Amino acid sequence: MKRTLILAAALIGSGAVVSAQTVSPDDVAYDEYGSIEVSLSGAAGDPAVGAEIMSDRGQGNCVACHQVSALTAAFQGNIGPSLDGAGDRWDEAQLRGIVADAKMTFPDSMMPSFYKVSGFIRPGNAYTGKAADDTFTSLLTAQQIEDVVAYLATLKE
Amino acid sequence: MKRTGLLQTAGLIGLIAMATTATAQDDSQLVVNGEIEMVTDAPAPENIGGLKTIYSGWRFRQSEMQALQTDDFENPGAYAIDEGVEMWATVEGSEGKSCASCHEDIEDSMAGVRAVYPKWNESKGQVMTLAQQINDCRTEQMGAEAWKYDGGDMTSMEAAISLQSRGMPVNVATDGPAADAWAKGEEMYYTRYGQLELSCANCHEDNYDNNIRADHLSQGQINGFPAFRIKTGKLTQTHNRFKGCIRDTRAETFSPGSDEFVALELYVASRGNGLSVEAPSVRP
């Protein structure tokens, strides 16, 4: 009994279990400015994890296009605006909306939509060049979006 | 703590400065073997939106890589020229012919050919790439097997033929019977493919000279193809590069030799009308 509970807790911690409060990508409610009011995972984000997601080439890799002085990741890009001070410029709901689908806030943005699963032209199976199959998921999970948002909120000048 | 932050910042600025040493706007000029003067910037063709000046990919490279292309003894892609020239004279197929049987000397007959491909073929009723034309010669004239579109034989032959136009301005026709394919290629150029929803233009028109992490984005010009890629250690064909680029948008990509890539090649080649044919170029 106790062992089962611990196992369940571990699964929740690893994100393997989708909580009842998780909003699926097709059900996200954006307001007219592209903001999302409520947590997509139903839980708070972890800024330390968010910093890792933003630096990791295999995850968000936000620094591919954005410069963030507080992150030590090498070769930060300059395609998008610097994110220094992002926590001053945007509130949490705005940040969540931009990370999940920036095109809802900035219609012409080049930024990929990190919490979206439909509406693509020739979606692929990751970087294989082959067509997407039933393993297709959003670029980040609901909790990863929350973690990134939590980190961005700490970027104050 | 603060000192570390300052040091890191200084280090980062240093890295950025290094990464942008060879910008498109630098005035390095490419001269190959001390005699072939290349045009690496030119006014953008009139039917190309979004660019005022076109730049060869060579202008975006670090000086060490730039230097590799200035001398055929240093150029790691030069091996293909010998291979291609040898194959030019090799008899293959049921008709007992080589390329030379009909076209004689490669230096004379192929001068200027690369510069105008892809090109409308009246008898076929379609725009054909140089690779398609080579395979057409093999199957229709020589009675030989077609080569794999982006295989090593084909790429070497393309390089050997392209070399005969080195230094000449790219000048593909975009009007007349080629207009439909060109328009299809243009539409593809601005289509945001894949899960990352990126078009060619997002990176190569709107953001050339900027960096995606360590990648210094060029205009994606193809005047230097086939290009020797340091990353793969071999000569790479245009369609092979297109395939990889679209794959990297997390898309279902297209196949080398497909109608889509023929159209895209025509359009992208036309964006470089006025730049010099550089093959074999050296790229990251």
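Visitor: Which residues of H7(B) does H3(B) meet?
Guide: Start from the H3(B) side, where B:Ala80, B:Ile81, B:Glu83, B:Gly84, B:Val85, B:Met87 and B:Trp88 make the contact (heavy atoms within 4.5 Å). Helices are DSSP runs of H or I with at least four residues, strands are runs of E with at least two, and both are numbered from the N terminus. Over in H7(B), the partners are B:Asp153, B:Ser156, B:Met157, B:Ala159, B:Ala160, B:Ile161 and B:Leu163.

Visitor: What kind of model is this?
Guide: Residues are numbered from 1 along each chain as its sequence is written, chains are lettered from A and ligands numbered from 1 in the order written, and side-chain values use heavy atoms, without hydrogens and water. Local features need pLDDT of at least 70, side-chain atom pairs count only at pLDDT 80 or more, and totals for chains, interfaces and linings use all residues, in what is a predicted model.

Visitor: How are H3(B) and H7(B) set relative to each other?
Guide: H3(B) covers residues 79–88 and H7(B) covers residues 152–163, and their axes are 7 Å apart at an angle of about 95°. Axes are lines fitted to C-alpha atoms, for helices over the stretch in contact, with angles from 0 to 180 degrees between N-to-C directions. Under 35 degrees counts as roughly parallel, over 145 as roughly antiparallel, 65 to 115 as roughly perpendicular, and the rest as oblique. That angle is why H3(B) and H7(B) are roughly perpendicular.

Visitor: At what angle do H2(A) and H5(A) cross?
Guide: On the H2(A) side you'll find A:Pro47, A:Val49, A:Gly50, A:Ala51, A:Ile53 and A:Met54, touching A:Gln144, A:Asp147, A:Val148, A:Ala150, A:Tyr151 and A:Leu152 in H5(A). H2(A) and H5(A) are roughly perpendicular to each other. Their axes come within 7 Å and cross at roughly 100°.

Visitor: How many helices does chain A have?
Guide: Read along the sequence, chain A goes α-α-α-α-α. There are zero strands in chain A. The count of helices is five.

Visitor: How much of chain A is buried?
Guide: Buried means under 20% relative accessible area, exposed means over 50%, and partly exposed is in between, using a 1.4 Å probe and protein chains only. Chain A has 157 residues, and the buried share is 40%.

Visitor: How many of the residues of H4(A) are buried?
Guide: The buried ones are A:Ala93, A:Leu95, A:Arg96, A:Gly97, A:Ile98, A:Val99, A:Ala100 and A:Asp101. H3 and H5 of chain A are among what covers them. H4(A) is largely enclosed by the rest of the structure, because the buried count out of its 10 residues is eight.

Visitor: Is A:Met104 buried or partly exposed?
Guide: A:Met104 is in the loop between H4 and H5 of chain A. Leaving out residues up to four places away in sequence, A:Met104 touches A:Tyr30, A:Tyr33 and A:Gly34. Its relative accessibility is 40%, so A:Met104 counts as partly exposed.

Visitor: Where in chain B is B:Pro118?
Guide: A cis peptide bond joins B:Tyr117 and B:Pro118, with omega about 0°. The spot for B:Pro118 is the loop between H5 (106–109) and S5 (119–121).

Visitor: What is omega for the cis bond between B:Ala279 and B:Pro280?
Guide: B:Pro280 is in the loop between H11 (259–271) and S11 (281–283) of chain B. For the cis peptide bond joining B:Ala279 to B:Pro280, omega is about -5°.

Visitor: What is the phi of B:Arg213?
Guide: B:Arg213 is in the loop between S7 (211–212) and S8 (215–216) of chain B. B:Arg213 is buried, at 6% relative accessible area. Although B:Arg213 is not a glycine, its phi is positive, at about 45°.

Visitor: What is the phi of B:Arg250?
Guide: You'll find B:Arg250 in the loop between H10 (238–247) and H11 of chain B. B:Arg250 counts as buried at 17% relative accessibility. B:Arg250 is not a glycine, yet it has a positive phi of about 55°.
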